[in-house]
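Trainee: Could you walk me through this structure and show me how to read its features?
Mentor: Gladly; let us look at it together.

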Amino acid sequence: MISYLGGEFRLESINSAYWFRVTRFGHLEHVYYGRRLGADGPMETHALKRTAQTGSSVLYDPSDDTYSLDTLLLEWSGIGKGDYRETPAEICMPDGTFTADFRYVSHTITDGATTMQGLPTAQADGGVCQTLCVELLDESNAVTLSLYYTVFEETDVITRRAVLTNGHQNPLTIHKLLSMMVDLPNDGFRLITLDGAWIKEAHAHERRVTPGTHINRSITGASSNRHNPGFILAAEGTRENDGEAYGINLIYSGNHYGAVELTAFDTVRVGVGINPHCFHWTLACGETFETPEAVLCFSGDGLNGLSQRFHQFVNRHIVRGDWQGKERPIVLNNWEAHFFRFTRGKLLRLARRAKQAGVELFVLDDGWFGARNHDKAGLGDYTVNRRKLSRGLSEFADRIHRMGMKFGLWFEPEMVNPDSDLYRAHPEYALATPNKTPAMGRNQLALDLCNPAVRDYIVTQVTQILDTCAIDYVKWDYNRHLSDACSPCLTNQGEFFHRYVLGLYDVLERIFRPRPHILLESCSSGGNRFDLGMLCYSPQIWASDDTDPIERLKIQGGLSLLYPPSTMGAHVSEAPHQQTLRDTPLSTRFHVAAFGCLGYELDLKYLSPVERREVMEQIAFYKQYRRVFQYGTFWRGEQDKANQVVWHGVDETKAVAVSALIQEQTGAAQGFDRLRVPGLEASRRYRVTTRAQRLFLKRFGGLVKHILPFALAPDGFALRLAGRHYSLRDCVETYESSGAGLKEGVMLNNQFIGSQYRTNIRLLGDYSSNLYVTEALDTKPDNTVNNQ
């Protein structure tokens with residue numbers, strides 16, 4: 001997997017190869033990253049040639065007039081020796097200069113993955129992996145740079161990180177130290193980033209990599225909803241199912257920095273790591289600084305191939321503990337049903353309805369503690385509000401368990417309201433800048449996680465609740481960006497942002513590692529902290545506060561480029577939606593949320609009897625195919641129509657697939673639709689069937705007169721009463737074909753095009769959808785329900 005011979009390093013996974021070598025001057029020259037080529041053949045064949053001296057170049061050594069660090073493909077570089085591209089390091093060295101020249105000294109190759117103090121890393125977890133550590137030295141300053149490469153062979157992933165050690169009697173100061181950099185030959189790259197804001201997280205944006213430097217960063221204190229740490233470089237012509245792509249991500253939850261620079265010589269430098277924004281870290285003699293772990297992946301099978309490798313990597317090597325690979329329970333969260341206005345009675349009535357529908361986990365959201373009757377008070381306090389929960393929290397949790405459901409609870413431990421007992425007792429626990437009024441966000445301040453006393457308070461208060469109540473699930477919220485980044489516990493405020501993240505990881509480690517049975521779902525006003533660092537503690541993350549399924553197509557679809565469906569919290573809510581005022585069918589809300597960790601977030605008492613039956617059918621269906629939705633091989637369909645999105649999940653045996661075809665806005669006289677099902681065995685025979693779904697009468701208004709023998713008022717009592725109890729059935733289709741045939745596509749029945757209602761016409765319209773189940777004919781369908 002990792003080999004070394006004569007100064008050449010070859011790192012190989014099942015499908016990819018990563019090669020570099022030591023130059024005669026001791027620098028690490030990148031040679032190749034792409035499809036696996038095998039170990040035969042000289043590395044020189046694939047190396048970038050330098051047979052001519054470039055104008056204006058600065059020579060590293062006069063003995064070689066073509067050796068300029070500015071034109072080499074490198075694994076690492078620095079400042080002051082002739083490389084003028086984006087640097088991975090800005091260090092004021094012990095000699096007082098910024099010149100750094102790290103050259104090869106030695107290396108080690110060990111089996112397994114490595115760990116760090118205070119930062120999460122990818123774990124081996126039984127998978128085949130090896131780690132290479134290359135020691136580089138700036139000799140005149142006695143500063144060592146250790147570059148770590150871990151190859152996760154089965155998932156085609158290589159992780160990289162850097163460790164800087166000061167061996168000089170004088171201190172050094174780090175202004176910037178990325179986790180990795182690498183230079184690649186340009187291949188007509190398009191840069192794909194996941195960008196957005198609150199309620200529109202992780203929208204995929206593409207742009208051609210043009211000369212100059214493209215920056216993907218966060219300075220909010222967290223990985224942020226503005227720019228996710230992960231990004232993709234896709235070669236010219238790469239599509240979902242073919243072409244080459246490189247994915248880069250970071251196991252870190254704080255300010256991040258990614259850079260992609262296209263040079264005048266058509267090479268591309270890529271780097272990722274901690275954002276140098278307000279970063280200033282001093283190392284005394286003998287001290288060490290470790291960077292977060294970066295994640296690299298190559299796919300020669302298009303963007304879907306890249307995503308599938310990342311999905312496997314996250315599920316096997318990032319998510320850990322009891323919930324690794326375990327199916328997630330179906331949730332009902334009370335937030336959109338009640339907000340802060342609830343009582344024990346209201347909650348129990350909602351819980352009973354949830355149990356009847358088939359829900360497995362009842363979650364009590366914000367408002368259960370202190371004076372938390374609105375968002376201006378109570379954060380920081382953990383005393384149960386007895387006006388709402390008259391018999392206490394423990395009794396309520398037990399009651400939910402007696403109903404046959406698990407119980408979950410909302411916390412926001414990193415924040416405090418000025419109107420709280422905690423703030424009145426310890427105002428110094430909140431972040432504030434001396435002699436300035438602290439900036440508020442959502443009526444709250446952030447707590448100082450650099451302060452050990454604050455971390456101890458959070459751990460003590462949260463664990464006291466967890467250990468005295470039967471709690472199976474925690475929703476951990478974080479509802480504002482950081483400001484006033486100043487801690488009296490630090491003498492150097494340039495350490496603040498990184499120390500905050502280390503403090504967060506310390507708190508999560510202390511609370512949840514001893515309680516592995518608790519399912520933690522991270523949340524940050526939705527997807528404001530959706531990153532690999534949080535996934536090391538939180539097996540799933542609330543993807544967005546936006547539960548409109550049409551918006552979720554962009555959010556979950558964007559996230560799917562780098563993160564698996566098993567990590568995405570996705571709920572069915574009421575429509576019109578609070579975030580968009582869009583009215584979407586109940587079926588579409590389910591079809592989109594099903595490609596994630598399914599939940600419901602609405603007051604079930606306002607559903608009509610026929611809608612309640614639909615929800616029960618949805619939940620039963622999801623339980624039957626839950627593993628396919630959460631852990632199946634996920635495919636984004638090539639977009640045949642601009643107004644349609646197609647997703648697929650295929651189980652690991654390739655015996656079952658579930659496909660969703662979602663239409664955003666319709667147009668008159670729609671043309672044909674074709675369903676292509678990928679990932680099946682070419683010669684195996686399959687049957688494709690539409691999941692039966694209800695069409696509610698209220699959607700058709702006065703149009704129902706066309707299917708009735710008599711006229712009724714569209715908003716009259718008779719139709720309203722009928723609509724509460726009866727529904728139409730949408731078109732159900734069944735086809736048989738081989739896996740090869742299904743890959744080419746099934747021609748579906750016509751959509752409604754203004755003519756008439758028939759049971760063999762697909763009544764889509766705006767925001768409608770169909771779900772299709774594909775099952776191998778040689779496999780008996782498993783109709784058992786997998787309850788949590």
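Mentor: We start with a term for side chains: buried means under 20% relative accessible area, exposed over 50%, and partly exposed in between (1.4 Å probe, protein chains only). By that rule Glu-551, at 14% relative accessibility, counts as buried, while Lys-554, at 35%, counts as partly exposed. Please keep in mind that this is a predicted model, where local features need pLDDT of at least 70, side-chain atom pairs count only at pLDDT 80 or more, and totals for chains, interfaces and linings use all residues. Residues are numbered from 1 along each chain as its sequence is written, and side-chain values use heavy atoms, with hydrogens and water left out.

Trainee: What joins the side chains of Lys-554 and Glu-551?
Mentor: A salt bridge, that is, a side-chain nitrogen of Lys or Arg within 4 Å of a carboxyl oxygen of Asp or Glu. For Lys-554 and Glu-551 the N to O distance is 3.9 Å. Both sit in helix α9 (residues 549-559), three residues apart, which separates them by about one helical turn. As for the labels, helices (H or I, at least four residues) and strands (E, at least two) are DSSP runs, numbered from the N terminus.

Trainee: How many salt bridges does the structure hold?
Mentor: There are 52. In one of them, Glu-414 meets Arg-529, with the closest N and O atoms 2.6 Å apart. Glu-414 lies in the loop between β23 and β24 (415-416), and Arg-529 in the loop between β27 (519-522) and α8 (532-535), so this pair ties together parts that are 115 residues apart in sequence.

Trainee: Are Glu-414 and Arg-529 buried or exposed?
Mentor: Glu-414 is buried, with a relative accessible area of 0%, and Arg-529 is buried at 2%. Now turn to Arg-687 and Glu-736, whose side chains meet in a salt bridge of 2.8 Å, N to O. Arg-687 belongs to strand β35 (residues 685-690) and Glu-736 to strand β38 (residues 734-738), so parts that are 49 residues apart in sequence are tied together. Arg-687 is partly exposed at 36%, and so is Glu-736 at 44%.

Trainee: In what order do the eight strands close into a barrel?
Mentor: Two strands pair if DSSP finds at least two bridges between them. Here the order is β21-β22-β23-β26-β27-β28-β29-β30, with parallel pairing. For example, two bridges join β28 (residues 540-542) to β29 (residues 568-573), and Ile-541 stands opposite Met-568 in β29.

Trainee: Which strands does helix α3 touch?
Mentor: Contact means heavy atoms within 4.5 Å. Angles run from 0 to 180 degrees between N-to-C directions, using axes fitted as lines to C-alpha atoms, for helices over the stretch in contact. Helix α3 (residues 344-357) packs on the sheet, touching β21 (331-333) and β22 (361-364), and its direction makes about 155° with that of β22. Helix α6 (residues 452-468) also packs on the sheet, touching β23 (406-411) and β26 (473-476), at about 160° to the direction of β23.

Trainee: Which strands stand at the edges of the open sheet?
Mentor: That sheet has four strands in the order β1-β2-β3-β4, with antiparallel pairing. β1 (2-5) and β4 (28-35) stand at the edges, each with a single partner strand, so one side of each is left without a neighbour in the sheet. Strand β3 (residues 16-22) pairs with β4 over seven bridges, and Val-22 stands opposite Leu-28 in β4.
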